[in-house]
Amino acid sequence: MEKFPFKFAFFQNKFVETKTAKISIMTNALQYGTAVFGGIRGYYNKKKGAIFLFRIEDHYKRLLNSLKILGVSLNYSLEKLKEITIELVKRNKPKTDIYLRPFAYAGSLQLSPNLARDKIFDFFIYMIPLAEYLSVDKGLRVMVSSWLRIPDTAIPARGKIAGAYINSALAKKEATDRGFDEAIFLTQDGHVCEGSGENLFIVRDNTLITPPASEEILEGITRNTVINLAKDLKLKVVERKIDKSELYLAQEAFFTGTAVQIAWIKEIDGRIIGNGKRGKITQKLQELFFEIVRGNNKKYSPKWCTKVKI
Ligand code: PMP
């Protein structure tokens with residue numbers, strides 16, 4: 001990837017050239033991870049001459065909630081954040097699928113992580129082209145991590161908090177070093193949690209099962225999308241605790257997330273999931289999802305996608 005694939009970013013309250021958007025080495029967020037972030041996908045639809053931003057409002061609601069958990073705030077409203085994002089896409093005129101990274105951070109140059117002092121965060125957003133993050137077609141090989149998920153009583157996984165991603169980095173490193181595509185976290189009490197950057201679903205007896213919000217997960221927007229779609233498709237969806245051994249007995253398993261989209265899992269800890277092929281339920285959800293996000297579904301696209309003419 002080119003170093004700065006898109007010319008513009010929004011930084012320090014204005015649109016600037018991405019290559020000039022730099023922070024000081026003394027920045028508090030760089031030292032301590034005192035920041036929260038988002039990840040929003042934009043899908044390019046050539047025929048419609050537009051980028052479709054997926055559930056942008058929900059992404060910004062979560063960003064503001066992450067700030068609320070930290071007890072800090074931003075000088076931008078939800079409306080203003082949406083406006084900046086749409087304007088950024090228009091200025092950069094992408095002809096490809098994109099990923100936007102909004103980032104709210106302690107921009108103070110003072111020592112020590114002190115959110116009482118640094119209570120107004122700074123904000124920037126930039127974008128990159130992004131096709132697949134992990135393959136949605138090949139079937140992923142994953143392992144249960146030896147690293148446990150951070151508990152809500154230490155660092156709330158419900159907030160998308162930059163510093164918390166050390167937990168994900170450790171799990172991802174372990175999985176990658178051992179030749180796997182991705183890791184699955186267990187919680188402190190040994191229940192199935194989520195991937196390093198994605199939520200997890202399994203299928204047993206034609207029922208979709210996913211850990212509930214109280215299981216140290218990020219409350220994923222793709223997870224919520226899949227739950228809604230599945231219910232509309234009259235599939236049974238249950239949010240409940242999952243034991244590790246249930247993973248091995250699942251008929252289907254897949255990850256959901258903005259970057260990962262919906263990616264099916266072929267193997268967990270060396271056990272083949274189902275018959276080792278993409279399951280019917282996963283395939284149905286994938287097909288519907290990709291139609292919706294690209295702006296091609298009459299029922300859901302208008303509700304969930306923001307069209308930006310390019
Ligand atoms: N869990 C974690 C830890 C994540 O980083 C992500 C990616 N944002 C997700 C789940 C999926 O969330 P979403 O569907 O909102 O992208």
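Reader: Which residues make the lining of the largest cavity?

Author: Arg41, Tyr43, Phe54, His59, Thr222, Thr258 and Phe289 line the largest cavity. Before we go on, this is a predicted model, where local features need pLDDT of at least 70 and side-chain atom pairs pLDDT 80 or more, while totals for chains, interfaces and linings use all residues. Residues are numbered from 1 along each chain, and side-chain values use heavy atoms, without hydrogens and water.

Reader: What makes this space a cavity?

Author: On a 1 Å grid over the protein atoms alone, a 1.4 Å probe fits at a cavity's points but cannot get out, and a lining residue has an atom within 4 Å of a point. Two cavities of 30 Å³ or more turn up here. The largest holds about 50 Å³ of space, where volume means the space filled by probe spheres on grid points joined across faces, edges and corners.

Reader: How do you know where the largest cavity lies?

Author: Look at who supplies the lining: domain 1 (8-129) and domain 2 (140-293) both give residues, so the largest cavity lies between them. The domain bounds come from an automatic or database assignment. By class, its lining has three nonpolar, three polar and one charged residue. Here Asp, Glu, Lys and Arg are charged, Ala, Val, Leu, Ile, Met, Phe, Trp, Tyr, Cys and Pro nonpolar, and the rest polar.

Reader: What lines the second largest cavity?

Author: That one, at about 40 Å³, has Gln251, Glu252, Ala253, Trp264, Ile265, Ile273, Lys277, Arg278, Gly279 and Thr282 around it. Strands β15 (252-257) and β16 (261-268) each give at least two residues to its lining. Its residues split into four nonpolar, three polar and three charged.

Reader: Why is a space called a pocket instead?

Author: A pocket is an open set of points, with protein on both sides within 12 Å along at least five of seven lines. The largest pocket has a volume of about 510 Å³. Of its 29 lining residues, Tyr99, Lys160, Tyr165, Gly197 and Glu198 lie nearest the centre. Helix α4 (165-177) is among the elements that supply at least two lining residues each, and the largest share, four residues, comes from α4. (Helices are DSSP runs of H or I with at least four residues, strands runs of E with at least two.) The lining counts 10 nonpolar, 12 polar and seven charged residues. Both domain 1 and domain 2 contribute to it, so the largest pocket lies between them.

Reader: And what is in the second largest pocket's lining, by class?

Author: Thirteen would be the number to remember: 13 nonpolar, against one polar and two charged. About 210 Å³ of space lies in this second largest pocket. Phe4, Ala9, Thr18, Ala21 and Tyr126 are the closest to its centre out of 16 lining residues.

Reader: Which residues come nearest the ligand?

Author: Arg62, Tyr165, Glu194, Thr222 and Thr258 do, out of 16 residues around the ligand, each with a heavy atom within 4 Å of it.
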